Amino acid sequence: MTSGSQGSLFHPCSLHILNGKINESTLWSMDFHTVYKYICHLCLGVQIVWALDEVRLLNPPEEAEPDHVLDVLYSCDQPATVQLDCVVSFETGATSTLMLRRWRCVPGEPRIRTLRLNLPDWLVYRADGIVPDSHWVLSCILRASVRASGSDEGSIVAEDAAAVEPKAFFSRPVKQHQVCVAWGTQMLQLTPRFLEKQCPLEEETAHLLSSIYASTGEEFGITKTLRPYRSEVLEYLRVKSTSFPWCMFSIWLFVTGYCQQSLCGVFQHINNGNSYITPTLLLTDKGLLHIQMSAESVEESSAFLSPFKVPLNEWCQLGVSLHGTSVTVTMVCEEERTVKYAQHIFRHTVVLDDTEGYFVIGGGKYVQGVEGYFGPVVYYRNRILPQSEFAVPDVIRSVNLTGWLQTCDDFRRDMAVKMSGYSRKAKEMEPDTCFHVFYQWTVKERAPSHPQCQLWEAALPHRKHAAKLAKLLAFKNGGRAVGLPAVGRALYSLSLHKLGRVSSTGVVSRILPLLLQAGCLADNQALHMSSVLYSSGLGVEKQPIKAWLLALLAAQKDDRLALLHLGHLHHQGLHGLPADTDVAYAYYANIAKQTYLDRLDPTPQQAFVEAIYLNNDEVLNLQTKEDHHIFQWLKLQARRGATEAEQAIARMLFWGQQGVSSNIQEAARHYRRGAVQWKDPVSMYDYGIVLLKGQGVQQDIPKAITFLKKAMDQGFVPAINALAWYYEQYEKDFVQAVQLWEKADLLGCPEAALNLGVLYSQGHYPGRAANQYMAYRHYLRSAERGHIRGAVLLADIWTTGIPGLVNRHPSDAVLWAKWAAEQNGYLGSILRKSLNAYLESNMLSSLLHYLMAAEAGFAPAQFNVAYLCEENTGGYLDPADALRCMWRYYNLTILSQSPDTYAFIRMGDLLYEGHGDRQKDLFSAAQMYKLAALRNDPQGWYNLGLLAEEGYRLPLSVLIELGLSQLYFADNGLLRSTLYTRCRDSEDTDSFLPCSLALFNVYLKSFQAEYSAAIKISTAVAVVAAPTVFVIILRVLRRRVQSLD
């Protein structure tokens, strides 16, 4: 279409109107329909004129490829420029626009331009040293636009876009360079890759442990493996030296108690056949070192004992040097600073292949570990360091474990003296106690004539509470001996009582000394709570190193929450500690195994772990107690025969769920009623289990089997597993047990899969030899079905692997162990106390207990801490402290595996607002809202719409993940309407109204923007035509009046 033909589309009368050549008679001679037809023709012509600005990509490529022939259709109304761009989005969130071509557009009919698409080399070719790498490219969009001549990007009059997918690296072609690159440039580009190929970073000095590990003296330790060198030269030398090793091991050790058995583990090397190989270092029950080396045949292994003992409660550096058949063991301790050594020459060849099997620091599958602490462990693979000046590692000096223990020893001695005095005074007050005359005379002469302050309490006022409690306990026991741990427990109880009554965090610093004293007197819970306060900085100065020290002290005494806390620190690499999945697994595995054992023997100190979020009112309303109306209503329904109510009450009472205290005897009575009266198969199974184990009732195995068989006959799968367990444990009938377990396994029973795995592992499966791989497969199936012990055994295999069958997966092992550890009943007890305090409006007490679980890495507790800080009911937190608390714990929550979407929203709000010294970060805020939107949270969609409404251009990477990449170049109103529509259409009914209003506002503004010009023209026409219309009306009225006359 040419410019000359455009006017022919208008009606001749409409041309008269445009030229202003219409008189009044012509106006009034036309009827309404004719005028309307002319106006429509006018609008149609205007639309056609506007539609001339057009550009389209006719055949864009689906993937980035070289030399693609592209056809572009374009036209323009006025002289303009057509530009072809490539918009590249990177995984870092950055977006780059690369101009590819540009040409002029002359007004006229649409034209098609054919051009060769020259995308950047790094986008289409494989990196080869000259072509740079492009691993961080997320997406590519081709954009063609028509721009008014002499204008900027904001005056784009037409555009079209197409997504181009970048090819995978190895799917790209290699560019055949047709030009000669300057020699200097080519060398500079190739040098990094050349150096990488020739001199890769090798692990010649292996830091097997870089921090401090608390060893409980059980079968838990740190597993490490080494890989062969990547360098062919180094690997050749390593293999050649396996029969003549030249290396050294350095181990820092702090022993708190000698072994309970004959030997305990310090450092072990275990081969694929589960045998000890070079080197293995054990400690005897006398404190001597047992050093064992192996030859080419493991049966030729031999060992020797050190002539010196490892001292207690002192850091010592052990050195083991291998020089062919000669082995030298040295020890330097912190106090003496003198070197003790022993050298032994073996008669056989000493063989060391450090890539075979795995190393264990501490305890393992075959021997329990040393009681105490391990410091840095370093392995020098191809050298022996000379004996230099003794230097304590920085990590040991900063923690200052020795200083703490010395201070605690002084405090315990003073307390022991005070306790002795109070016990003696208590005995004097006993009327039935007889003393000889010389003793009474001595007491009379020693008694002061005037009351005086006791110097011990006067010098250290914080100790007066300990002294009062010691005195109270001494007199309460009538002068009988009272142990220091009893005073420690009393101090911890007093601290909790004081913390439960405070209304501000400022009081915490005055109560902290009581917790530290209780920790000195062997109360591990007090140590853990002190660690939590120092770690979180709640009411005290934040001291991560001291928090770590206190957690180490509690964990070494096997405190479950402290073990969980340290596992979390090393898993995430918090507080300056190195992220180490192997160390984290050592802690998690300890509490995970205890979790399974604790479940077999439930106590009132345990509670079922419930992941309850404080922003979930529906779940909070279900919490109850024995005298609560919900519990009473369930009891009424149970008495009427409602089996589900009977099951719920029994479950609450047995496990201590939903706020009900654990009462196994009462739970057993409900099991019995459900089984006997209501014939409920679930209750039959539960009642049979408690009868079988004697939990809450007297053990009655025949009766238990009767109920289990009845439950099995009604199709209850767990009863099949229980009967199989009975046949295996009591009847020793493995054939019958396996038949039942195989049946239950096919029906999805997690316990059945676990038990079959144990049979395969121990070689008890009828007719089959031991098969660790089959055991592994059953453990995996059991863990995936949610069984705690299945997860523990699966993680144990993944941390070492099965040679040739299962690779080592330490990162997966630590996740399974963490999950199992977080089901521990003692963690559940802390969570229950936290929730009860919240329901009783004791917010500070709730915050303190949730902090204990949050610092252990439990994601729901981290969320609840942030939520409590956000609410800050009663103002017990300073606003600045509350804000820091929200930043820290919402941030920790979103790092968990399944975070609550509210955490994404609040984290996005904090990033958007940018409080304190933090600046606004709209990009990160958009990322948080995106994560919430991807989880179908309407608030996420709504907040993204608000960002777009404020003029912020959402990053292309965000839109791609939301499936809205086509809207990157679209009108802002279209993007906002799409976001608000998704908000409105979510499953949350509460969001329908606000999202609908926001969507209506978008439509209203869009209507106003699109038709504002038409409204203005209509108004102007109305103003101009008003006098004429008025005259016409007057004429009509006159005619009617005249006709009436």
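In the predicted model, the count of salt bridges comes to 31. One of them joins the side chains of Lys593 and Glu219, with 2.4 Å from N to O. This pair links distant parts of the chain, as Lys593 lies in helix H17 (residues 581-600) and Glu219 in the loop between strand S9 (213-216) and strand S10 (221-224), 374 residues apart. Lys593 counts as partly exposed because its relative accessibility is 35%, and Glu219, at 26%, is likewise classed as partly exposed.

A salt bridge is also found between the side chains of Arg832 and Glu610, at 2.7 Å from N to O. Arg832 belongs to helix H30 (residues 825-839), whereas Glu610 is in the loop between H17 and helix H18 (617-620); the pair therefore ties together parts that are 222 residues apart in sequence. Both Arg832 and Glu610 are buried.

Glu949 and Lys1005 likewise meet through their side chains in a salt bridge, with an N to O distance of 3.4 Å. Because Glu949 is located in helix H36 (residues 938-949) and Lys1005 in helix H39 (residues 992-1044), this contact ties together parts that are 56 residues apart in sequence. Glu949 is partly exposed, with 29% relative accessibility, and Lys1005 is partly exposed at 40%. Elsewhere, a network of salt bridges links Glu235, Arg238, Asp353, Asp354 and Arg381.

Across the whole structure, 32 aromatic pairs were found. Among them, Phe654 and Tyr671 form a tilted pair, with 6.2 Å between ring centres and 50° between the planes. Phe654 is part of helix H20 (residues 643-655) and Tyr671 of helix H21 (residues 664-676), so the pair ties together parts that are 17 residues apart in sequence. Phe654 has a relative accessible area of 7% and is therefore buried; Tyr671 is buried, with a relative accessible area of 7%.

The pair formed by Phe863 and Tyr867 is stacked, at 6.2 Å centre to centre and 15° between the planes. Both residues lie in helix H32 (residues 859-871), where they are four residues apart, about one turn of the helix. Phe863 and Tyr867 are both buried. Ring pairs link Phe863 and Tyr867 with Tyr613, Tyr890 and Tyr902 into a cluster.

Conventions: Residues numbered from 1 in each chain as written. Predicted model: local features only at pLDDT ≥ 70, side-chain atom pairs only at ≥ 80, totals over all residues. Heavy atoms only, no water. Phe/Tyr/Trp six-rings, centres within 6.5 Å; stacked < 30°, edge-to-face > 60°. Helix = DSSP H or I, 4+ residues; strand = E, 2+ residues; numbered from the N terminus. Buried < 20%, exposed > 50% of the residue type's maximum accessible area, 1.4 Å probe, protein only. Salt bridge = Lys/Arg side-chain N within 4 Å of Asp/Glu carboxyl O.
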